[in-house]
Amino acid sequence: MTLVGSGAIERAAAIGAVDRRLFGSFVEHMGRSVYTGIFEPSHPTATPDGFRGDVLELVRELGVTIVRYPGGNFVSGYRWEDGVGAIADRPVRLNLAWHTLEPNRFGTDEFVRWCAQAGVEPMLAVNLGTRGVQEAVDLLEYANHPSGTALSDARIANGSPTRHRIRMWCLGNEMDGHWQLGHKTAAEYGRLAAETARAMRQLDPGVELVAVGSSGPWMPTYVEWERTVLRETAELIDAISLHNYYQEDPSDVASFLASAVDLDRFIERVSEVVDEFASARGQGQPVKLSVDEWNVSRSNGAPLPADWTVVERMGEEAYTAADAVVVGSLLISLVRHADRVASACLAQLVNVIAPIRAEPDGPAWRQTTFHPFSLAARHARGQALAVPITVGTLPTAKYGDVAPVDAVATVDDETRSLALFVVNRHPTEAVDLTLDLRSWSEELSLGESLVVHEDDPQAVNTAAEPDRVIPRPLTGVSLVDGCLRLSLAAISWSTTTIELGRSR
Ligand code: AHR
């Protein structure tokens, strides 16, 4: 049975400007994310800095705008000083978060250099687990102070004469979690985050600071954590973080496909709490949200390696076509909340639960999830527009009745283009969708329509078959008399662009 849906795309449904930082990602010292992921000096494509050239090319193609580093759980035991200076002098340490050895051959300066080559903005996290205010301020001085102090001069001596000018800083990572080194209560963390924020702003008033929110809406401390942390930090920070990973339960595919409903609710609930503190801020602008870890993942909770070795394979998931559809649908949720979400990081970037895979001394390839991300990063520009759709309901065990089709659009008046992102998250039924665009005063012409869908939703990309799942032209699309018609297969995510012409 094919379902029939209808809706409209209207300029009047503007939500807010899409921040380019919505298309961020994350590199952690975990598994092969850094070593043999982005950094492999002996790789045939290595740059003079030892960065993998094939991975750099894919990162640029992915369209990532900002990358968070160096963790994640890793940062909560990290001594940033270990990762700067002459390589030969850098110590090997235990990476307690991931039970591996950390050789410190790649650190802050290498990361900033890598970001410049990848064309992305660096976003750093400070250790508020085993360390505190002083170490955070020291790292900020090392990175952002021009010269003439011990730490800024050390950076210069280490080969970075120009300050790094890092704008976005995370005040720790997942401090609400018992798995975190230096795990804290909300009150303990709130105080420490506030003191760190004050000190960092004293050094560099231009920094943008992200306080740690809940590690997921499933945390027992969720909401109370946000409230307590915001009580201490609301007037000192720019954003509060949200993390969540969505896992498929094979016996409940419908709920997995509808994961974005959970992200919608998470964003909306945290926004409500943030609004409780709007008056404390005084500038009228509520604290923004930084969804700085999100993805689909099956390997969360996997056992850690038994031995302490340097490079262990961790979280090297082969994402399916269905996973790509869910990632696309989570991106729709992020864009729809453009008024709240100032940045977001697909966790992670390479090898570890990542859109890019790279084998040591071997090839790099795009996972299925690469494709919706790169299409959204390319086309979701300008103003986000809500796209209400009527199409009946789909029952799910976790989220109740949800809409089988979800969509958002963006309009960019610079490039004069409109982009529609739409997911059919129904596990079995196709949908014929008609969208009314007659309210637009411009002449409209159909651009490109691409779909991520496979008849086998479990299809994956591998080193041997890297293009098994790619976006393909969406057939049967028409734009006639201001009505856009799309045929959406079950478990599909698509994007359609429309050029804006002269006013009619
Ligand atoms: O991305 C993997 C891990 O997931 C991160 O280190 C941590 O912050 C989260 O729990």
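Phe-26 has Arg-68 as its bridge partner in strand E4. That pairing belongs to strands E3 (residues 24-26) and E4 (residues 66-69), which run parallel and are joined by 2 bridges; two strands count as paired if DSSP finds at least two bridges between them. Keep in mind that this is a predicted model, where local features need pLDDT of at least 70 and side-chain atom pairs count only at pLDDT 80 or more, while totals for chains, interfaces and linings use all residues. Residues are numbered from 1 along each chain as its sequence is written, and side-chain values use heavy atoms, with hydrogens and water left out.

**The barrel**
- E3 and E4 are part of a barrel that 8 strands close, in the order E3-E4-E7-E8-E9-E10-E11-E12, with parallel pairing.
- On average, neighbouring strands of this sheet are turned by 30° against each other, direction ignored.
- Helices (H or I, at least four residues) and strands (E, at least two) are DSSP runs, numbered from the N terminus.

**Helices on the strands**
- Helix H3 (residues 133-144) lies across strands E7 (121-126) and E8 (168-171), running at about 165° to E8.
- Helix H8 (residues 259-276) lies across E10 (239-246), E11 (288-296) and E12 (341-347), and runs at about 160° to E10.
- For these angles, axes are lines fitted to C-alpha atoms (for helices over the stretch in contact), and angles run from 0 to 180 degrees between N-to-C directions; contact means heavy atoms within 4.5 Å.

**Helix H6**
- H6 (residues 224-233) is mostly covered, with 7 of its 10 residues buried (under 20% relative accessible area, using a 1.4 Å probe and protein chains only).
- The buried ones are Trp-225, Glu-226, Arg-227, Thr-228, Val-229, Leu-230 and Thr-233.
- They pack against helix H5 (186-203), strand E9 (208-211), E10 and H8.

**Cavities**
- There are 3 cavities of 30 Å³ or more; a cavity is a set of points, on a 1 Å grid over the protein atoms alone, where a 1.4 Å probe fits but cannot get out, and lining residues have an atom within 4 Å of a point.
- The largest cavity holds about 100 Å³ of space.
- Of the 14 residues lining the largest cavity, Tyr-78, Trp-80, Ala-125, Val-126 and Leu-139 are the closest to its centre.
- E7 and H3 each supply at least two residues of that lining.
- The second largest cavity has about 60 Å³ of space.
- Strand E6 (residues 100-102) gives the largest share of the second largest cavity's lining, 3 residues.
- His-29, Met-30 and Val-310 are among the residues lining the second largest cavity.

How values were computed. Buried < 20%, exposed > 50% of the residue type's maximum accessible area, 1.4 Å probe, protein only. 1 Å grid on protein atoms, 1.4 Å probe; cavity = no way out; pocket = protein on both sides within 12 Å on 5 of 7 lines; lining within 4 Å. Points joined across faces, edges and corners; volume = space filled by probe spheres on them.
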